[in-house]
Amino acid sequence: MTIVDPMKPAVGSWTEHYPELGTGLVSYEDCTSPEFHELEREAVFKRAWLMVGRVEQLPRNGSYFTKELAVANTSVVIVRDLDGQVRAFHNICRHRGNKLVWNDFPREETSGTCRQFTCKYHGWRYGLDGACAFVQQESEFFGLDKADYGLVPVHSDVWEGFIFIHFAPRPSQTLTDFLGPMVRSVEGYPFHQHTERYGYRVEVRSNWKLFFDAFQEYYHTSILHANQAPALASKMRDAGFTGAYYELDGPHRLGATGGSRRDRTVSLDVLKPMERLTRSGLIGPWDGPDFSDTATGLNRAGFEKWTVSAFHLFPNTTILFRGAGWYLTYSYWPTSHNSHIFEGNLYFTPSRTARERVAHEMTRATHKEYGLQDCNTLEATQTMLESGVLSSFPLNDHEVLCRHLHKVVADWVEEYQHQRENG
């Protein structure tokens with residue numbers, strides 16, 4: 001596969017390396033059909049490993065957090081038990097089906113620390129291993145054995161500190177096999193050192209795949225984000241757009257680019273005064289750490305000036321490294337065929353000085369601004385897709401990851417339908 005110099009306008013012919021994708025029009029009916037959404041929920045989100053958080057959210061034995069997953073019609077509680085093992089359970093009491101773990105508002109996610117989970121309704125209690133520990137007025141039940149009424153488990157596993165769950169009774173693949181060699185090539189990166197986290201969460205009125213598509217190509221950058229860095233956008237438009245590096249591995253995707261390892265290497269005329277003042281911006285803090293030698297997969301393309309590697313984990317998570325000094329995650333959680341929850345989290349090594357904290361805050365604010373610009377187009381796209389005027393669209397060579405996502409989702413749905421029809 002030819003790797004394109006990201007500083008020169010050229011065509012990489014990426015799509016041609018994956019002939020199974022084709023080069024024809026791509027249907028976006030998978031973003032407008034309620035019927036397809038229902039199939040997608042069963043075929044994809046109940047049959048794939050889903051990343052739901054980080055082990056830092058469970059800092060000690062007894063720590064827990066909940067995850068509201070409309071796409072699976074359930075709530076899940078993830079907990080570190082008294083032996084330090086990470087476990088996951090459906091968040092439902094075995095007595096009368098009340099939500100077990102919640103605070104003032106039952107549809108809101110929560111977190112905390114405890115030694116047992118106690119139902120707010122009738123006081124049934126469960127250990128952190130899910131076993132039913134106490135039944136109020138147990139003698140008045142008819143032959144009830146607490147051992148038969150533990151919490152309903154959800155398969156869980158941890159990779160590099162990321163917590164994954166799987167809803168199938170018996171997952172067809174281990175988490176390691178599911179992730180595959182491309183994603184696992186970043187093993188060894190010091191994720192555990194990045195404990196300073198900045199998060200944001202928003203409900204978006206579009207199909208989840210539309211937002212995922214927005215982060216899988218750079219074709220839009222010099223247009224949509226032109227006002228964020230006008231001088232840089234102008235230079236990009238004059239030079240002509242070129243993709244840097246794309247790779248597919250099973251259901252997963254990678255997009256990478258070279259350029260400026262730190263904003264300080266960019267000519268000052270493309271930077272805003274606040275970026276120069278804080279020595280930070282989209283790429284991250286100029287004076288941050290460099291972990292580029294910690295994992296072989298960070299710069300799989302071998303760029304001399306590597307900047308970004310975005311690993312898109314099927315179905316709905318991105319782990320993105322910027323200049324090897326910090327990383328972020330994006331997740332897209334469907335709530336209907338035309339709405340989803342978008343979650344973004346930025347992870348840094350802890351600030352040691354006020355200047356470092358300000359630099360982190362500047363990167364957070366810059367990323368949020370770019371994200372809002374990406375999000376701004378989605379509702380407009382969704383409304384016009386639902387008009388039905390057009391259903392299929394041309395994708396260029398640098399939108400190969402978008403093409404791949406829609407094909408993989410369609411393949412999983414087709415396989416699920418085939419299995420269902422054949423018992």
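# Sheets, cores and cysteines in a predicted model

The protein has 423 residues, of which 52% count as buried, and its secondary structure comes to nine helices and 19 strands. Among the contacts between residues at least 6 apart in sequence, 68% join residues at least 24 apart.

**The sheet of seven strands**

- Strand E2 and strand E11, the latter spanning residues 162-166, are paired in the antiparallel sense over four bridges.
- Both strands belong to an open sheet of seven strands, which has antiparallel pairing and runs in the order E2-E11-E10-E5-E4-E3-E6.
- At the edges of this sheet stand strand E2 (50-54) and strand E6 (111-113), and because each has a single partner strand, one side of each is left without a neighbour in the sheet.
- From one strand to the next, the twist of this sheet averages 30 degrees.
- Helix H2, made of residues 175-184, packs on the sheet and touches both strand E10 (153-159) and E11, with its direction making about 25 degrees with that of E10.

- How many of the residues of strand E4 (residues 74-80) are buried? Seven of the seven are, so the strand is largely enclosed by the rest of the structure.
- Both faces of E4 are covered, with Thr74, Val76, Ile78 and Arg80 buried on one side, and Ser75, Val77 and Val79 buried on the other.
- On one flank, strand E3 (residues 63-69) pairs with E4 in the antiparallel sense over six bridges, and Glu68 stands opposite Ser75 in E4.
- The hairpin of E3 and E4 has four residues between the strands, and in this hairpin Asn73 takes a positive phi near 55 degrees.
- E4 also pairs with strand E5 (residues 86-90), again in the antiparallel sense, over five bridges, and here Arg80 stands opposite Val86 in E5.
- The hairpin that E4 and E5 form has five residues between the strands, and Gly84 in its turn has a positive phi of about 85 degrees.

**The nonpolar cores**

- In soluble globular proteins, nonpolar side chains tend to be buried together.
- The largest nonpolar core here has 93 residues, and those that touch the most other members are Ile78, Trp159, Phe164, Ile165, Phe211 and Phe321.
- Helix H9 (residues 400-421) gives this core its largest share, which comes to nine residues.
- Domain 1 (15-42 + 184-421) and domain 2 (50-170) both give residues to this core, so it lies between them.
- Leaving aside residues up to four places away in sequence, Ile165 touches Ala48, Trp49, Leu50, Val52, Leu69, Val76, Ala88, Val154, His155 and Ser156.

- Strand E8 (residues 125-127) pairs with E9 in the antiparallel sense over two bridges, and Tyr126 stands opposite Cys132 in E9.

**The cysteines**

- The structure holds zero disulfides.

**Ser336, a residue of strand E17**

- Ser336 lies in strand E17, which covers residues 326-336.
- Is Ser336 buried or exposed? Its relative accessibility is 19%, and since buried means under 20%, Ser336 counts as buried.
- Although Ser336 and Arg41 are 295 residues apart along the chain, their C-alpha atoms are separated by 9.6 Å.

Definitions and conventions
Residues are numbered from 1 along each chain as its sequence is written. This is a predicted model: local features need pLDDT of at least 70, side-chain atom pairs count only at pLDDT 80 or more; totals for chains, interfaces and linings use all residues. Side-chain values use heavy atoms; hydrogens and water are left out. Two strands pair if DSSP finds at least two bridges between them. A disulfide is a pair of cysteine sulfur atoms within 2.5 Å. Buried means under 20% relative accessible area, exposed over 50%, partly exposed in between (1.4 Å probe, protein chains only). A nonpolar core is a set of buried Ala, Val, Leu, Ile, Met, Phe, Trp, Tyr and Cys residues joined through side-chain atoms within 4.5 Å. Domain bounds come from an automatic or database domain assignment. Contact means heavy atoms within 4.5 Å. Axes are lines fitted to C-alpha atoms, for helices over the stretch in contact, and angles run from 0 to 180 degrees between N-to-C directions.
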